Structure formats: C-alpha cells, structure tokens
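This briefing goes through one protein model by topic. Please look over the sequence and the structure before reading on.

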Amino acid sequence: KLDALNARFRNHTTKLFEKHGITNLGYWTPVPNPDRKLYYFISYPSREVQKTAWAAFASDPDWVSAKTESEKDGKLVDKVESSFFHAASFSPEIKSTPSKTDRLYELRTYTSSAGNLDRLLKRFETVTMGLFKKHGAINYGYWVLDKDQKGSDETLVYMLIYNSAEQKAESNKAFGMDPAWIEAKATTEKEAGGPLTAPNGVKSVI
C-alpha cells in the first residue's frame with residue numbers, strides 16, 4: 001500500500017497540511033525499502049500551534065473523505081512513529097534545493113555517550129559540517145529533540161545530500177581521511193575521556 005499512501009499524501013494530505021498552517025519540509029522513502037517506510041518532516045511555529053493545527057486537520061471533512069476513500073480496500077498504514085524536534089542552533093535554513101536529477105539523501109541519527117551531547121553538537125558546528133561541505137556533501141538540516149521527548153539529552157538527527165551513491169562513498173572516504181577530522185576527533189575524545197557517541201550510536205538510512 002506504499003504507492004497508495006504516497007498518492008494520498010501527494011493528492012490530499014500535503015495540501016490539507018498547508019491549509020491548516022502546517023509546513024511541508026520534505027518526504028523521503030529509503031532505498032531499498034523492504035519495510036515499506038515513508039519518512040517526512042513537517043513544521044509548526046510552536047508546539048501550541050501544532051496542537052490546534054493538527055486537531056483542525058484531523059477533523060477537516062476533506063481529510064475524513066480522502067482517508068475514507070483511500071482505505072476502502074483496507075488501511076494504508078500499519079504504524080506511525082512521531083517525534084518533536086527543533087533545529088539545532090547551527091542548522092542551515094531548510095529550503096528547496098531543486099535538481100534536474102535524482103539525488104541521494106542520508107538521514108543519520110546519533111546517540112551521544114553519557115553527558116556528551118553538547119560536545120558532539122559543538123564538534124559538528126565547528127568542524128564536522130565544514131568538512132562535510134569540503135568533501136562534497138550538502139548539509140540539509142540538523143535537529144535535536146524537544147526537552148519533553150525521550151532521548152532529548154542524547155540525540156542528534158541530521159540529513160546530508162549527495163549527487164549519487166558513488167559520490168557519497170567518495171565523500172565519506174575523503175572525510176574520514178581528512179587530517180582536520182582526525183585531529184578534531186582525537187582532541188574532543190581526549191577531552192571527553194572517550195568517544196562522543198555511544199556504542200552502535202550512529203544509525204544511517206539512505
């Protein structure tokens with residue numbers, strides 16, 4: 001039902017989001033996608049606005065009609081996972097970046113080691129982001145969880161853009177070998193008394 005779900009977003013949901021003051025930032029599907037997932041980011045001026053906007057969307061007759069019609073042969077969604085984030089202070093402004101060819105997005109989720117989220121964020125701001133750009137990756141956006149969300153004291157989520165899988169591989173290799181990265185990693189880990197990320201604390205979805 002993923003095609004049908006995408007069609008509902010494309011033909012109805014995104015427009016109704018905008019109608020109720022919800023901003024569509026982006027929609028992505030993993031490659032490959034054996035779990036039939038759709039990832040998306042939407043934004044609001046505040047959490048207070050979110051509550052009223054979402055309630056208005058959910059009760060909109062056009063949404064109720066579209067949902068009912070799309071599910072006449074069965075529901076389209078097995079599970080929904082939702083978290084509230086705010087942009088990290090150093091995140092670039094999220095904006096449309098048109099391209100004549102398909103591009104590759106990488107969604108990374110970092111779990112910091114205990115007490116080291118601020119150090120991790122600082123390293124991204126002062127070193128990592130610049131090196132990503134140096135080696136051909138585009139910094140799309142960086143987010144941290146709102147304080148009332150589980151894992152808010154240890155989680156960073158960000159997205160990078162590449163022209164292709166081949167360019168991504170080249171970029172990642174060059175980044176890992178860059179003397180500036182090697183030095184920054186060694187220095188920050190010495191100050192922290194160990195790695196800034198938890199064991200298995202880096203997850204990636206392409």
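Tyr 158 is buried, because its relative accessibility is 0% and buried means under 20% relative accessible area, with exposed over 50% and partly exposed in between (1.4 Å probe, protein chains only). The model is predicted, so local features need pLDDT of at least 70 and side-chain atom pairs count only at pLDDT 80 or more, while totals for chains, interfaces and linings use all residues. Residues are numbered from 1 along each chain as its sequence is written, and side-chain values use heavy atoms, with hydrogens and water left out.

**Aromatic rings**

- Tyr 142 likewise counts as buried, at 0% relative accessibility.
- Rings of Phe, Tyr and Trp (its six-membered ring) pair if their centres lie within 6.5 Å; planes under 30 degrees apart count as stacked, over 60 as edge-to-face and the rest as tilted.
- The count under this rule is 25 aromatic pairs.
- One of them joins Tyr 142 and Tyr 158, which are stacked with 4.8 Å from centre to centre and 5° between the planes.
- This pair links distant parts of the chain, 16 residues apart: Tyr 142 is in strand E5 (residues 138-145) and Tyr 158 in strand E6 (residues 155-162).
- A cluster linked by ring pairs takes in Phe 90, Tyr 110, Phe 124, Phe 132, Tyr 142, Tyr 158, Phe 175 and Trp 181.

**Charges over rings**

- A charge sits over a ring if NZ of Lys or CZ of Arg is within 6 Å of the ring centre and within 35 degrees of the ring normal.
- Arg 47 has its charged end over the ring of Phe 84, at 4.0 Å from the ring centre.
- Lys 168 places its charged end over the ring of Tyr 162, at 5.9 Å from the ring centre.

**Overall make-up**

- The protein has six helices and seven strands, where helices (H or I, at least four residues) and strands (E, at least two) are DSSP runs numbered from the N terminus.
- The order of elements from the N terminus is α-β-β-α-α-β-β-α-β-β-α-α-β.
- Of the 206 residues, 37% count as buried.
- The C-alpha atoms fill a box of roughly 60 × 40 × 30 Å along the principal axes.
- Contact means heavy atoms within 4.5 Å; among contacts with a separation of 6 or more, 70% are between residues 24 or more positions apart.

**Helix H1 and its surroundings**

- The axes of H1 and helix H3 (residues 61-70) come within 10 Å and cross at roughly 165°; axes are lines fitted to C-alpha atoms, for helices over the stretch in contact, and angles run from 0 to 180 degrees between N-to-C directions.
- H1 is therefore roughly antiparallel to H3, a label for angles over 145 degrees, with under 35 as roughly parallel, 65 to 115 as roughly perpendicular and the rest as oblique.
- Arg 8, His 12, Thr 13, Leu 16 and Lys 19 of H1 meet Asp 62, Trp 63, Ala 66, Lys 67 and Ser 70 of H3.
- Arg 8 lies in H1 (residues 2-19) and is buried, with a relative accessible area of 8%.
- Leaving aside neighbours within four places in sequence, the contacts of Arg 8 include Trp 63, Glu 71 and Val 77.
- Glu 71 is in the loop between H3 and strand E3 (85-87) and is partly exposed, at 23% relative accessible area.
- Thr 14, also in H1, counts as buried at 17% relative accessibility.
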